Amino acid sequence: MLRRLRRQKGFTLIELLIVIAIIGIIAALLIPNFLDSLNKARQKNTMATLRNVGTAFMARITDDGAAAAAGATDTDVDFDDFIDTASAGHWDSASTIAAQLVPQYIQAIPEKDSWKKDISYYLTLDPGSSRQALTASGGKDGVLENPWVQGTFFATDYVQDIVWTDGQFWRYPSGAQGVVAP
């Protein structure tokens, strides 16, 4: 009778270590997939933001009668295409762009992309300009590379720039839904 009372119920150290090891293996498999899904969602959200602002840009340009076939034959886009002169456009902050577009064309102009990095904006209403509108995100690292060659990049390369200019995406992840290939 005494022997039965002294017997304690519970897990042995080996059983606890096995359970902890299994949890560790499962976590090691799931965490990278979770982080990849999070970055992919940020990439898609950034694309949606750039598309929305770009659509507002084009509506404003069209309403002012300044729409042209800007960049129709270009194969790359360079910062030099967006010169800073009085007759052409210039790089602007979100608040300056908002003064031209809110509330007629869009409700708000975001300053940051989904990675909390600055979005670059350019807008001109001059129909003679080689480029009229651009929104760009530097991707996960926030650094804009230059020049941008038109086309896609691997969807898992999150440091690549996402660029929308003159009515279409110029640089975007491959397999992006809703993007018309040039």
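Is F57 buried or exposed? F57 is buried, with a relative accessible area of 0%. Keep in mind that this is a predicted model.

**Aromatic pairs**

- Searching the whole structure turns up 2 aromatic pairs.
- In one of them, the ring centres of F57 and Y121 are 6.2 Å apart and the planes meet at 80 degrees; an angle over 60 counts as edge-to-face, so this pair is edge-to-face.
- Because F57 sits in helix 2 (residues 13-63) and Y121 in strand 3 (residues 119-123), the pair ties together parts that are 64 residues apart in sequence.
- F169 counts as buried at 5% relative accessibility, and Y172 is buried with a relative accessible area of 5%.

**Helix 2: span and end**

- Helix 2 runs for 51 residues. From its first C-alpha to its last it reaches 74 Å, close to the 75 Å expected at 1.5 Å a residue.
- Just after helix 2 comes G65, which takes a positive phi of about 70 degrees.

**Helix 2: what is buried, and under what**

- The buried residues of helix 2 are N39, Q43, T46, M47, T49, L50, V53, G54, A56, F57, R60 and I61.
- Their cover includes helix 3 (94-101) and several strands, among them strand 3, strand 4 (133-137) and strand 6 (151-153).
- Strand 7 (162-165) and strand 8 (168-173) are also included in that cover.
- R51 lies in helix 2 as well, but at 27% relative accessibility R51 counts as partly exposed.
- The C-alpha atoms of R51 and V163 are 9.5 Å apart in space, while the two residues are 112 residues apart in sequence.

**A nonpolar patch on the surface**

- L13, I14, L17, I18, I22, I25, I26, L29 and L30 make a nonpolar surface patch of about 930 Å².
- One of these residues, L13, is found in helix 2. L13 is exposed, with a relative accessible area of 61%.

Definitions and conventions
Residues numbered from 1 in each chain as written. Predicted model: local features only at pLDDT ≥ 70, side-chain atom pairs only at ≥ 80, totals over all residues. Heavy atoms only, no water. Phe/Tyr/Trp six-rings, centres within 6.5 Å; stacked < 30°, edge-to-face > 60°. Helix = DSSP H or I, 4+ residues; strand = E, 2+ residues; numbered from the N terminus. Buried < 20%, exposed > 50% of the residue type's maximum accessible area, 1.4 Å probe, protein only. Expected span 1.5 Å × (residues − 1). Contact = heavy atoms within 4.5 Å. Patch = residues over 30% accessible without salt bridge, like charges linked within 9 Å, V, L, I, M, F, W, Y side chains within 5 Å. Areas by Shrake-Rupley, 256 points an atom, 1.4 Å probe, with all protein chains shown as cover. Salt bridge = Lys/Arg side-chain N within 4 Å of Asp/Glu carboxyl O.
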